[in-house]
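Let's take a walk through this fold together. Keep the model open and click along as we go.

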Amino acid sequence: MKLPEFSVNRKVTVIMLTILTVILGIVAFTQLGFEMLPDLNYPTISIVTTYPGAASEDVEEMITKTLETSIAGVKRIKNIKSESMEGISLIMVEFVWGTNLDFAAQDLRDAIDQSLDYLPGDAKRPMVMK
C-alpha cells in the first residue's frame, strides 16, 4: 500500500498522527533553552571629571590629556577614547575581553590618584564608573 492510498483510506489515523506530531513539537519547543540576546558585559570603564566654567580646550589640555597619560600604563587596555566638552571630560577605557572589571577599575583609580596633583584645583575628583 502506498502512502497516498493509505492517507485516503485511513483519514482518522493520519489526523491523529498529525496532531501527535504537532503536540510533541510544541512540548519540545517550550523545553528548548536558548537566548536570542545573551547578557554581555562589555569591558568598558568610563572616567568622568567635571571642571565647572572651563572651556573645552582648557578641559582637554588640563584634565583629559593628563588623565590619559596617567592611565595609559594600566595593563590589558585595548582602546582609549576621550571627549572634552565645556566643563566635562569623558574618557572611555576599553579593556581586552576577559578582564576582571573590578580589578581594572581599581588599577585605574590608582593611576588617577597619582595624577591628582597635576589637575586644576577647581576640578572635581574624577569618577570611575563600570
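Start at Ser46, which stands opposite Met129 in strand E4. In E3, Ser46 has Met92 as its bridge partner. Before going on, a word on what you're looking at: this is a predicted model, where local features need pLDDT of at least 70 and side-chain atom pairs count only at pLDDT 80 or more, while totals for chains, interfaces and linings use all residues. Residues are numbered from 1 along each chain as its sequence is written, and side-chain values use heavy atoms, with hydrogens and water left out.

Now zoom out to the strands. Helices (H or I, at least four residues) and strands (E, at least two) are DSSP runs, numbered from the N terminus, and two strands pair if DSSP finds at least two bridges between them. E1 and E3 run antiparallel and are joined by 7 bridges. E1 also runs antiparallel to E4 (residues 127-129), with 3 bridges between them. On E3, there is another pairing to find: 8 bridges join it to E2 (residues 77-85), again antiparallel. Met92 turns up here too, as the E3 bridge partner of Lys81. E2 and E3 form a hairpin with 2 residues between them, and Gly87 in that turn has a positive phi of about 85 degrees.

Most residues other than glycine have a negative phi. Arg76 is not a glycine, yet its phi is positive, at about 65 degrees. With a relative accessible area of 44%, Arg76 is partly exposed. The cut-offs here are under 20% relative accessible area for buried, over 50% for exposed, and partly exposed in between (1.4 Å probe, protein chains only).

Back to E1, which is mostly covered, with 5 of its 7 residues buried. A nonpolar core here means a set of buried Ala, Val, Leu, Ile, Met, Phe, Trp, Tyr and Cys residues joined through side-chain atoms within 4.5 Å. The largest one has 21 residues, and those touching the most other members are Ile45, Ile47, Leu67, Ile71, Val93, Phe95 and Leu108. At least two core residues come from each of E1 (44-50), H3 (56-71), E3 (88-95) and H4 (101-114). H4 gives the most, with 6 residues.

Which residues does Leu67 touch, not counting those up to four places away in sequence? The list is Ile47, Thr49, Ile91, Ile112, Ser115, Leu119 and Pro126, where contact means heavy atoms within 4.5 Å. Thr64 lies in helix H3. Thr64 counts as buried because its relative accessibility is 1%. Leaving out residues up to four places away in sequence, Thr64 touches Val59, Ser82, Ser84, Ser89 and Ile91.

Next, the charged pairs. The structure holds 4 salt bridges, each a side-chain nitrogen of Lys or Arg within 4 Å of a carboxyl oxygen of Asp or Glu. One of them joins Lys65 to Glu61, with the closest N and O atoms 3.1 Å apart. Lys65 and Glu61 are 4 residues apart in helix H3, so about one helical turn separates them. Another pairs Asp102 with Lys130, the closest N and O atoms being 2.3 Å apart. Because Asp102 lies in helix H4 and Lys130 in the segment after E4, this pair ties together parts that are 28 residues apart in sequence. Asp102 is partly exposed at 47% relative accessibility, whereas Lys130 is exposed at 59%.

Asp113 and Arg125 also meet in a salt bridge through their side chains (2.6 Å, N to O). This one links distant parts of the chain, 12 residues apart: Asp113 is in helix H4 and Arg125 in the loop between H4 and E4. Asp113 counts as partly exposed at 36% relative accessibility, and Arg125 as exposed at 54%.

Finish on helix H2 (residues 11-31), where Val27 lies. Val27 has 43% relative accessibility, so it counts as partly exposed. Together with Val12, Ile15, Met16, Ile19 and Ile23, Val27 makes a nonpolar surface patch of about 570 Å². Patches are made of residues with over 30% relative accessible area and no salt bridge, with like charges joined within 9 Å and nonpolar side chains (Val, Leu, Ile, Met, Phe, Trp, Tyr) within 5 Å. The areas come from the Shrake-Rupley method with a 1.4 Å probe, and for residues only the protein chains shown count as cover.
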